[in-house]
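Colleague: I'd like to learn how to read helix packing, pockets and cavities in a model. Could you take me through a case?

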Amino acid sequence: MATARFWQPDNELIKQADGSLLIRERQALRPYKTRLGDYLRIWAGAEPERTFLAEREANGRWLKISYAETLRSVERLAAGLLALNPNPQRPLLLLSDNSIPFALLQLAALHIGLPVAPVAPAYALQSSDFNRLKSIVALLTPGLVFVPDIIPFQAALQALTPVLKNHPYTLLTVANSKAWPGALAFEQLAEADNNKAMYRAYHKVTAGTVAKILHTAGSTGPPKGVISTQGMLCAQQQALLQIWPFLVARPPVLVDGLPWHTAFGGNHNFNLVLRHGGTLYIDSGKPVPGQFEQTVSNLREIAPTLYCHEPAGFAALTTALEQDRILAEHFFFDLDLLFCVASTLPAELAQRLQRLAHDIRGIPLPLVTGWGTTETAAPATATPANTSFELPQENSSPLAGTQPPGWLGVPLPGAELKLVPLDERSSSARRGAGRDTLIEFDSNEKDGPLFELRVRGPQVFPGYWQQFKESLQAFDDEGFFRTGDGGRLLDPADPDAGIVFGGRLAEHFKLKNGLWVHTGALRADLISACAPFLQDVIIAAPDRPEIAVLLLLSPQGCQRLLGPQAARMTAAELAQQRQLQVHMGFLLRQYNARQMSSNKRIGRALFLTQPLSMDAGELTEKGYINQAAVLQRHAATVAKLYSSHPDVLVMSD
């Protein structure tokens, strides 16, 4: 069993003349390579036979490709791409789930300085109007488009025809190339042989070369194309190495399904494996009924050294581990780290996971999280992995020993975090900044004042693709990226304590009594207080006398109360379960009893039984919820919340 080494945070807190605070790690970012292709060439030379990528074939066997094989394929594909005379202003659009062909084509483009734009295949396969895909493609105007198989994507490709009628492109595919006129088969592209041109292009790649264009989640507005440079992505990996020095001790092994069109999946996880000569087993399972079994099957065979997932994935995994001791022993056997991305784990879930790890290993397992955006190449902060964890005593609180809800940790080396006050006392300074929007928040809460979080450093993006105005507005006068997220200092006297998440500022609103409701923190607190029964929470509503919530139930979590049949129930069926109604009312009243202010207490609740719509902008392909879009589309349900309807759970007196 491995014992991993971690860094000791050493942060300084600086108060600036305008009232803002700077937090930064004193450990400087050390020198690093500035081309991702350099790492592939290093490992192809040092460990040519080591498996880099593996994915399941149709027969269930693992198809593996070594570092040496990867480099050979990448160089041939890069030569093939050059033969098509690519234009760096017209990127390669990758419309595909994670796969070895996806990885090879992406690496080939990066090798010669051709930007890649991975886009969620859900926009093509799960949409009825393709509007989200069409808006993204209209902005990108790609010169090359890759789909793994023409047949499933035909409708989407036809919808894109009028969008790209003035921008001819070449379609690349693995399967059924004859189903689309002019499509080029993957194997044909790999037949090119022009090493001189390929090497010339490779040596022209610099730190400032555009590597990727990833799109924001669209949880508070239309997706924007985030430019990621080669140097930016390499700086991110250097920062991760400095906080997790155990990565040099042995190559990381990941069983991972986080999509490569996201920052955590494509920048953090994929590049982490590439940077350290590790192995990535592509997991096609998803944390939903009927699909997580594939993840479990993979984990029965492969023991990862580092495991990353979102809270929903950890919820499904924890249930599977609790039900299968052999699986749990295999999973925890060689693990260095658990990393929860996108959001912090609910306290109840974190404790269940730690109990399992402690029972099998005899010692706590590092369970960390981090905060960042697509614009920061994934995490800009991380929680220290060597923080002590104590299991609760028999008569203590069931959540004793857990970390503070929403704890995001401290900045990574090289990243500076700027905390801009949002209360009335800073209003004049904020007006003088020119581009700041005045937002007045309560500053006398026991949790401390809320700040806007801004980031600066080599891991931060240079701007949005083809959106000059939005790029200018994204940065303040000191060059800090305005994330739009809120946060608080966990301990103002100790910068190493870091920050606690305060939610998306655009989603906050005022009650009728004038108090602000900080939806992000409230949502996290409610999910934690009602764990494991909630998938998400929609907070309502401005100018009302009390907070009301729409509850999205988790079928997997409801199994804890209703048994295995809950996983097969629809949202409407779950909402009719009297036992669940009573228990959720109890949990919400229990939560309310701990709150001192009306801007945190829940007055009314209702189960949301209608599925959220991606086409309507309520749900992003990453699973994030656009709270404003949901409240607008379900206005009748919100009105019902504040009525005397018998389905409404009323907590107020």
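This is a predicted model: local features need pLDDT of at least 70, side-chain atom pairs count only at pLDDT 80 or more; totals for chains, interfaces and linings use all residues.

Colleague: At what angle do helix α1 and helix α2 pack?

Modeller: Helices (H or I, at least four residues) and strands (E, at least two) are DSSP runs, numbered from the N terminus. Axes are lines fitted to C-alpha atoms, for helices over the stretch in contact, and angles run from 0 to 180 degrees between N-to-C directions. Here α1 (residues 36-46) and α2 (residues 67-83) make an angle of about 135°, and their axes are 8 Å apart.

Colleague: What do you call that arrangement of α1 and α2?

Modeller: Under 35 degrees is roughly parallel, over 145 roughly antiparallel, 65 to 115 roughly perpendicular, and the rest oblique. The two helices, α1 and α2, are therefore oblique to each other.

Colleague: Which residues of α1 and α2 meet?

Modeller: Contact means heavy atoms within 4.5 Å. From α1 come L40, R41, W43 and A44, facing Y67, A68, T70, L71, V74 and E75 of α2. By class, that contact has seven nonpolar, one polar and two charged residues (Ala, Val, Leu, Ile, Met, Phe, Trp, Tyr, Cys and Pro count as nonpolar, Asp, Glu, Lys and Arg as charged, the others, Gly among them, as polar).

Colleague: What is the volume of the second largest pocket?

Modeller: On a 1 Å grid over the protein atoms alone, a pocket is an open set with protein on both sides within 12 Å along at least five of seven lines; a cavity is a set of points where a 1.4 Å probe fits but cannot get out; lining residues have an atom within 4 Å of a point. Points are joined across faces, edges and corners, and a volume is the space filled by probe spheres set on them. The second largest pocket comes to about 400 Å³. Its lining has 15 residues, with F292, E293, A316, Q323 and Q559 nearest the centre.

Colleague: How many cavities of 30 Å³ or more are there?

Modeller: Three, from a search of the whole structure. The second largest cavity has about 40 Å³, and its lining includes F246, R250 and D336.

Colleague: Where does A303 lie?

Modeller: In the loop between α11 and β14 (306-309). A303 touches V253 and H330, leaving aside residues up to four places away in sequence.

Methods: Residues are numbered from 1 along each chain as its sequence is written. Side-chain values use heavy atoms; hydrogens and water are left out.
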